[in-house]
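Open the model in your viewer and get ready to select a few residues. We will go stop by stop, and each stop tells you what to pick.

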Amino acid sequence: MTAPAGLGAAPPGLARRFAAFLYEGVLLFGVTFFAGFLYSVLTRQQHAMQGRAGLGAFIFVVLGLYFVGFWTRSGQTLAMKTWHLRVVDAAGGPLGWQRALLRYLLSWLWFLPALLSVWALGLHGGGAIFGSLAAGVLAYLLIARLHPQRQLLHDTICGTRVITQLPQRR
């Protein structure tokens with residue numbers, strides 16, 4: 001009997017995971033743009049400041065559907081596929097929707113501490129917010145260096161891990 005796919009695989013480097021993270025952000029620009037457009041049409045939004053909380057909630061749900069959908073179907077988002085990464089459960093198997101949803105919710109740990117500090121300090125300038133987010137993301141990435149397999153905190157908590165998934169040769 002062979003081990004499940006990815007159980008013995010070496011964990012991907014943090015630089016590659018960060019590159020996939022950045023590429024995911026580029027791809028999500030289109031997803032959030034379309035979601036924002038759809039929300040504004042459906043709610044007949046007349047002004048950008050109108051319905052901001054609803055728009056935020058709508059985009060949160062759309063992003064959740066995007067990530068949970070990809071992680072449960074193939075274990076890879078488009079960016080993860082490009083960088084040859086796959087998310088699996090602790091046994092090396094595919095994620096169920098509950099675990100994928102938990103991973104999505106916990107993945108906000110990339111941003112929440114920085115956003116909470118911006119709010120607590122009353123920062124409003126774009127530079128201060130960007131700097132806080134950049135420092136928070138970098139700190140979150142560096143925390144993974146403490147894990148023996150270089151897994152991120154949200155993966156450790158919800159029992160998932162990211163592995164290298166090279167394309168199959170024909």
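Start by selecting Arg103 and Asp155: they form a salt bridge, with the closest N and O atoms 2.5 Å apart. (A salt bridge here is a side-chain nitrogen of Lys or Arg within 4 Å of a carboxyl oxygen of Asp or Glu.) The pair joins distant parts of the chain, since Arg103 sits in helix 4 (residues 97-106) and Asp155 in helix 7, 52 residues apart. Helices (H or I, at least four residues) and strands (E, at least two) are DSSP runs, numbered from the N terminus.

Before moving on, two notes on what you are viewing. This is a predicted model, in which local features need pLDDT of at least 70 and side-chain atom pairs count only at pLDDT 80 or more, while totals for chains, interfaces and linings use all residues. Residues are numbered from 1 along each chain as its sequence is written, and side-chain values use heavy atoms, leaving out hydrogens and water.

Which residue does the side chain of Arg17 meet in a salt bridge? The partner is Asp155, at 3.0 Å from N to O. Arg17 lies in helix 1 (residues 14-42) and Asp155 in helix 7 (residues 153-158), so this pair ties together parts that are 138 residues apart in sequence. (Buried means under 20% relative accessible area, exposed over 50%, partly exposed in between, with a 1.4 Å probe and protein chains only.)

**Now select Phe67, Trp71 and Tyr104.** These have the most contacts inside the largest nonpolar core, which has 14 residues. (Such a core is a set of buried Ala, Val, Leu, Ile, Met, Phe, Trp, Tyr and Cys residues joined through side-chain atoms within 4.5 Å.) Helix 2 gives the most to this core, with five residues. Zoom in on Trp71: among the residues that Trp71 touches, not counting those up to four places away in sequence, are Val87, Tyr104 and Arg103 from our opening stop. (Contact means heavy atoms within 4.5 Å.)

**Finally, select residues 12-159.** UniProt places the feature "domain: RDD" here, in an unreviewed entry; such annotations may be inferred rather than shown by experiment. Over this stretch the chain is 68% helix and 3% strand, and the end C-alpha atoms are 17 Å apart.
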